[in-house]
Amino acid sequence: MSVDLLGFLGVLLVAYVVPGPDFLVVVRSAAEHPAKGRAAALGAQSGLCVHMVAAAVGLSVLAARSPVVYDAVTLMGAAYLVHLGVRAVLAARRAARQQRGGRDVRVGASRARWRSCFARGFLTNVLNPKAALFFLSVLPQFVHGDGSPTRQIFLLGVLDVLVGVAYWFALVTVASRLRVLLARPRFRHRWELTTGWLFIGIGVGAAVAT
């Protein structure tokens with residue numbers, strides 16, 4: 001079995017460096033707590049595993065060739081991102097009201113638990129049809145005919161997941177330093193609003209482009 005690993009790694013690094021919805025989910029979770037950031041990262045990569053398996057067995061080919069299925073997944077993903085954004089904006093406004101009322105609002109006091117962060121990352125990636133198309137359009141370019149295509153896709157997919165875990169965990173280490181700034185109510189309010197509206201903007205943009 002022969003695959004172009006160096007070429008694939010180059011494309012893979014570029015794909016991870018360019019921010020997307022999963023980037024926002026991981027950074028936002030890491031700013032709450034490093035463990036939550038790692039949970040979101042593992043969730044995102046678990047979602048990637050779903051796309052990998054689907055591509056390897058040919059299910060994603062059927063979805064990609066069906067505009068109805070593709071549009072449905074895109075709209076579900078867009079709706080989920082808008083949902084995350086609305087929750088963040090409402091949380092920011094609620095925290096601001098509590099602060100004005102003199103109540104102590106602690107960072108992470110009402111945050112999602114580990115499993116919620118994992119699910120957030122998982123759903124963000126599973127409902128992202130671009131992740132499925134990556135396995136369908138990019139991976140085959142690095143698969144050679146002297147071996148089983150399914151095995152090669154699995155090999156490249158596993159490499160993708162492992163590289164992603166390393167990248168996300170490094171990002172979590174950096175993003176977790178935001179916790180110091182989030183201890184300041186004014187910064188926390190702006191952070192919630194900014195990330196919330198970014199989620200909403202990405203979701204609406206994806207829905208409009210469908």
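The model is predicted, so local features need pLDDT of at least 70 and side-chain atom pairs count only at pLDDT 80 or more, while totals for chains, interfaces and linings use all residues. Residues are numbered from 1 along each chain as its sequence is written, and side-chain values use heavy atoms, with hydrogens and water left out. The protein chain has 10 helices and 0 strands; helices (H or I, at least four residues) and strands (E, at least two) are DSSP runs, numbered from the N terminus.

**Fold and burial**

- Along the sequence, the protein chain reads α-α-α-α-α-α-α-α-α-α.
- Of its 210 residues, 40% count as buried; buried means under 20% relative accessible area, exposed over 50%, and partly exposed in between (1.4 Å probe, protein chains only).

**Helix α3**

- Helix α3 (residues 34-57) has 24 residues and reaches 35 Å from its first C-alpha to its last.
- That is close to the 34 Å expected at 1.5 Å a residue, where the expected span is 1.5 Å times one less than the number of residues in the helix.
- G58 follows α3 and has a positive phi, near 95°.

- The 25 residues of α10 should span 36 Å at 1.5 Å a residue, and the end C-alpha atoms of α10 are 36 Å apart, which agrees.
- Buried residues in α10 are R188, W191, E192, T195, G196, F199, I200 and G203.
- The structure holds 1 salt bridge, defined as a side-chain nitrogen of Lys or Arg within 4 Å of a carboxyl oxygen of Asp or Glu.
- E192 forms a salt bridge with R28, and their closest N and O atoms are 2.6 Å apart.
- This pair links distant parts of the chain, with E192 in helix α10 (residues 185-209) and R28 in helix α2 (residues 21-32), 164 residues apart.
- Both E192 and R28 are buried.
- L181 lies in helix α9 (residues 178-182) and is partly exposed, with a relative accessible area of 28%.
- From L181 to W191 the C-alpha distance is 9.6 Å, at a separation of 10 residues in sequence.

**Helix α8**

- G164 is in helix α8 and counts as buried, at 0% relative accessibility.
- The C-alpha atoms of G164 and Y16 are separated by 7.2 Å, although the two residues are 148 residues apart along the chain.
- F154 also has its place in helix α8 (residues 149-175), and F154 counts as partly exposed at 30% relative accessibility.

**Surface patches**

- Patches are made of residues with over 30% relative accessible area and no salt bridge; like charges are joined within 9 Å, and nonpolar side chains (Val, Leu, Ile, Met, Phe, Trp, Tyr) within 5 Å.
- V53, V57 and F154 form a nonpolar surface patch with about 230 Å² of accessible area together; accessible areas come from the Shrake-Rupley method with a 1.4 Å probe, and for residues only the protein chains shown count as cover.
- V57 belongs to helix α3 and is exposed, with a relative accessible area of 52%.
- F154 and V57 are 97 residues apart in sequence, and their C-alpha atoms are 10.0 Å apart in space.
- A patch of positive charge on the surface gathers R87, R93, R94 and R97.
- For charge, Lys and Arg count as positive and Asp and Glu as negative, while His and the chain ends are not counted; the place of a charge is taken as NZ of Lys, CZ of Arg, CG of Asp or CD of Glu.
- R93 is located in helix α5 (residues 67-100) and counts as partly exposed, at 46% relative accessibility.
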